[in-house]
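Biologist: I would like to learn how to read a protein model. Could we go through one feature at a time?

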Amino acid sequence: DLSPTLQELEVTVVDARMCNNSRFWHGEIAPTMICFQGQRRGSAPTRNPCPLVTVHSPVSHPRQGDSGGPLVCGKRPAVAGVMSFSSRDPTDPFKPPVATSTVKYKKWIQRTLK
């Protein structure tokens, strides 16, 4: 269900090597991408959570319609990525959602915004 208000989903970043192994995205994840996994409601908080803004009711994973939402990380919260894609089955633990890293495009973003 789409929510009438924006929602936030706590996620953790998945190591790029693990995300690219043969059990996960099998080498399809570029250095400009960030894999992440949602935290189940009621689970213990992680050390370095990153909120993802979502248009759906609170769930443990992003879904269709969440593309373009910001991935916010850091002690001083900043946009670290933009939700890009996920598996056709969003609950598939071997195909974590993927965001495009904004850090890799910071100079381009700054030039474009001027």
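**Reading the model**

Modeller: Start with H26, which counts as exposed, at 56% relative accessibility. Keep in mind that this is a predicted model.

Biologist: Where does H26 lie?

Modeller: H26 is in the loop between α1 (16-19) and β2 (33-38). Its phi is positive, about 50°, although H26 is not a glycine.

Biologist: Let us turn to disulfides. How many does a search of the whole structure find?

Modeller: The search finds one disulfide. It joins C19 to C35, with an S to S distance of 1.8 Å. C19 is in helix α1 and C35 in strand β2, 16 residues apart, so the pair links distant parts of the chain.

Biologist: Why is this disulfide called left-handed?

Modeller: Because the torsion about the S-S bond of C19 and C35 is about -65°.

Biologist: Are the two cysteines buried or exposed?

Modeller: The cut-off for buried is under 20% relative accessible area. C19 has 0%, so C19 is buried. C35 has 3%, so C35 is buried too.

Biologist: Next, strands. In which sense do β4 and β5 pair?

Modeller: Strand β4 (residues 70-73) pairs with β5 in the antiparallel sense, over four bridges. To follow the pairing, pick a residue and look across: V72 stands opposite V79 in β5. The hairpin of β4 and β5 has four residues between the strands, and G74 takes a positive phi near 105° there.

Biologist: What about β5 and β6?

Modeller: β5 and β6 also pair in the antiparallel sense, over four bridges. Here M83 stands opposite A99 in β6.

Biologist: Which residues make up the largest nonpolar core?

Modeller: That core has nine residues: L9, V11, I34, F36, L71, C73, A80, M83 and A99. β1 (2-14), β2, β4 and β5 each supply at least two residues of this core. A second, separate core has six residues, among them C19, I29, C35 and V98. The two cysteines of the disulfide are therefore part of the second core.

Biologist: Now for charged side chains. What is the general idea?

Modeller: Side chains of opposite charge can pair when their charged atoms come close. In this model the count comes to one salt bridge. D15 forms it with R17, and the closest N and O atoms are 3.6 Å apart.

Biologist: How is that distance judged?

Modeller: The cut-off for a salt bridge is within 4 Å, so a separation of 3.6 Å qualifies.

Biologist: How accessible are D15 and R17?

Modeller: D15 counts as partly exposed, at 39% relative accessibility. R17 counts as exposed, at 68%.

Biologist: What does the side chain of S87 reach?

Modeller: The side chain of S87 reaches the backbone nitrogen of D89, at 3.1 Å. Leaving aside neighbours within four places in sequence, S87 is in contact with W25, D92 and K95.

Terms used: Residues are numbered from 1 along each chain as its sequence is written. This is a predicted model: local features need pLDDT of at least 70, side-chain atom pairs count only at pLDDT 80 or more; totals for chains, interfaces and linings use all residues. Side-chain values use heavy atoms; hydrogens and water are left out. A polar contact is a pair of N or O atoms within 3.5 Å; within protein, one must be able to donate a hydrogen and the other to accept it, and residues adjacent in sequence count only if both atoms are side-chain atoms. Contact means heavy atoms within 4.5 Å. Buried means under 20% relative accessible area, exposed over 50%, partly exposed in between (1.4 Å probe, protein chains only). A disulfide is a pair of cysteine sulfur atoms within 2.5 Å. Two strands pair if DSSP finds at least two bridges between them. A nonpolar core is a set of buried Ala, Val, Leu, Ile, Met, Phe, Trp, Tyr and Cys residues joined through side-chain atoms within 4.5 Å. A salt bridge is a side-chain nitrogen of Lys or Arg within 4 Å of a carboxyl oxygen of Asp or Glu.
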